[in-house]
Amino acid sequence: MHRTRARMYHVSLELKMNCKKIIGIALWLLVAVNMQGQVVTISNNLLYDAALTPNLRVGLRLAPHWSTGLTAGYRPWPTNDEKSRKWRHLLLSPDLRYWTDSVNVHHFFGVNLIYSHYNAAELHFPFGLYKSIRHERREGDLGALGVFYGYSWPLGRHWNIEAVIGAAIGYTRYTRYECGHCGSKIGTEKKLFAMPQAALNIVYNLPGRPKSVVEPEVIAEPVVVEPQPQTSVVRRVFKPVVTPVPDFTGRAGQLQRDNPVLAHVSEYKPYDRTRILRKEKGALYVHFPLSKSVLRTDFRDNAEVLDRIVDITRQIMADTTSSVCKIQIVGLASIEGSIAGNEKLGQNRAMALQHYVQQQLSVPDSLFDTVGGGEAWAEFRDQLSDVLSGELKYTETLTAQQRKGLEAAMEIIDHESDKNLCERRLRQLDGGRPWQYIKQYVLSDQRNSGYIRIFYDYVPDKAAATINEASELLAKGKYAEALKMLQTVSSDERAQNSLAVALWQTGQKEEALRYFRRAADAGNADARENLRQLEETMK
């Protein structure tokens, strides 16, 4: 009879406490969410979950450095009182936090109150804590005062993870029973105790709500306004300047500014023989002696060009934020000689350049797009056209006879489809005089490996995308939402000016000035202009 009465009392008490818990959390959520214009968070302690205790914390930002919250945990099982081992309990813990930095909101210190109603038996806590509860059951209430330290890591626009550690000292009153499932009472005790605190919270930041707009009171009676004397003082309006930030394209993007041979992989296209490679900006050329495919570093400006190619490739390969995607090499030959021989010569010249790069750097074959372009007829005709138009000058002026000869050569090229026959006709044209000019000036530039271009890719710059999206929100007047986004990239130097604008527009002017000055000192022109404007408005 005694055991039954005790069990009924215990069940009744836990039901009442459970109702109080639900009502308390509901009231807290109602108050927190209706605090318009504040930052509300909902979090769950993963360590508490590991102890099979459902829990929830609702937090509310009160000021730039202050926040408060309420944690509730409730474990109703085992619901069968015949089970010996149990840890049924209800926990409520309001807290107050101080954040050391109102912008980055990483470090925080706090105090909390703890209340718990518990029914525990035959438990083995870690580190030898509370050994006396291993062989008996205790049911009672406790209250404690705790202190703690925590650190918060932003995971994204709305998510954080927090680690908390601390300690508490408190007072408890409990009834002792002989075993976990029996009702044989030993006695009632009171005692002071100390306990550790720890939490690993996953936090969701609810999107901010706009402040309520108060409609102006309508005045029925007309109001006579006395004319005010004019003054020469004009109130200046702060119009913040925020310029979108460019993507950081890695070391490859930096090198591209001074080395047009580099191009993003999106610009890559396979070679076809209608392309005029010499007019594609940025390509580099390595030259070969007549009818040779041996790559000589002492021929023309080959040494300088080869060193440049190798150095650029090496720097990109050493960078973690960019990579070499494709090295395109097109081997060309002049129109002199047989077509079959020149096809082989162009291919051999292209492979000679590829092998040279691979000797200097560990570049796999898969990164190369190496092709033989054969006789460069499209290049040759385009050169003749530029000579006749004056865009390309090998001599100071063309004589009338030279011009007539080159015009006739172009007629042959345009109308003779057999390229072997076309070459013979060019050699025989006007007693060979146009051919001598062509051979001396034009063909010398065709004896090269042709075209080499390096294509790269880079890791997407997520920080720049976040900063620019937040800047668009600033332009729309959504300052609180922009501030949340910018706080996730606050360590990026490019975010400092936009972050300062968001802080200023949300009333955190001291923090805003600090970030404006930091950005201005780093050379940000927008921040300097914004500081100048603020100085004018504060005069």
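A residue counts as buried when its relative accessible area is under 20%, and as exposed when that area is over 50%. With that in hand, turn to the structure, which is a predicted model.

Start with helix α7. It spans residues 400–415, 16 residues in total. From first C-alpha to last it reaches 23 Å, close to the 22 Å expected at 1.5 Å a residue. Which residues of α7 are buried? They are Gly405, Leu406, Ala409, Met410, Ile412 and Ile413. These residues cover an arc of only 160° around the axis, which puts them on the same side of α7. An α-helix has 3.6 residues a turn, so residues three or four places apart point the same way. The face of α7 turned away from the buried side carries exposed residues: Ala400, Lys404 and His415. What covers the buried residues of α7? The cover includes α6 (377–389), α8 (419–428) and α9 (433–442).

Now move along to the loop between α8 and α9, where Asp430 lies. Its phi is near 50°, a positive value in a residue other than glycine. Asp430 is partly exposed, with a relative accessible area of 34%. Arg300 also has a positive phi, about 50°, although it is not a glycine. Look for Arg300 in the loop between β9 (262–264) and α4 (302–317). Arg300 is partly exposed, at a relative accessible area of 46%. Most residues other than glycine have a negative phi, and most peptide bonds are trans. The peptide bond from Trp77 to Pro78 is cis, with omega near 5°. Pro78 sits in the loop between β3 (66–75) and β4 (86–99).

Helix α4 holds Thr313. Is Thr313 buried or exposed? Thr313 is buried, with a relative accessible area of 0%. A polar atom of the Thr313 side chain lies 2.8 Å from the backbone oxygen of Ile309. Neighbours within four places in sequence aside, Thr313 is in contact with Val324, Ile327, Leu361 and Ile454.

The strands come next. Strands of a sheet pair through backbone hydrogen bonds, either parallel or antiparallel. β4 pairs with β5 (residues 107–121) in the antiparallel sense, over twelve bridges. In this pairing Arg88 stands opposite Asn119 in β5. β5 also pairs with β6 (residues 137–154). How many bridges join β5 and β6? There are 15, again in the antiparallel sense. Here Asn112 stands opposite Gly146 in β6.

Another stop is an open sheet of four strands. Its order is β9-β12-β10-β11, and its pairing is mixed. Which strands form the edges? They are β9 and β11 (368–375), each of which pairs on one side only. Neighbouring strands of this sheet are turned by 25° against each other on average, direction ignored. Within the sheet, β10 (residues 322–333) and β11 pair in the parallel sense, over seven bridges. Leu332 stands opposite Gly374 in β11.

Definitions and conventions: Residues numbered from 1 in each chain as written. Predicted model: local features only at pLDDT ≥ 70, side-chain atom pairs only at ≥ 80, totals over all residues. Heavy atoms only, no water. Helix = DSSP H or I, 4+ residues; strand = E, 2+ residues; numbered from the N terminus. Expected span 1.5 Å × (residues − 1). Buried < 20%, exposed > 50% of the residue type's maximum accessible area, 1.4 Å probe, protein only. Arc of directions from axis to C-beta. Contact = heavy atoms within 4.5 Å. Polar contact = N/O pair within 3.5 Å; in protein donor to acceptor, adjacent residues only side chain to side chain. Pairing = 2+ DSSP bridges. Axes fitted to C-alpha atoms, helices over the stretch in contact; angles between N-to-C directions.
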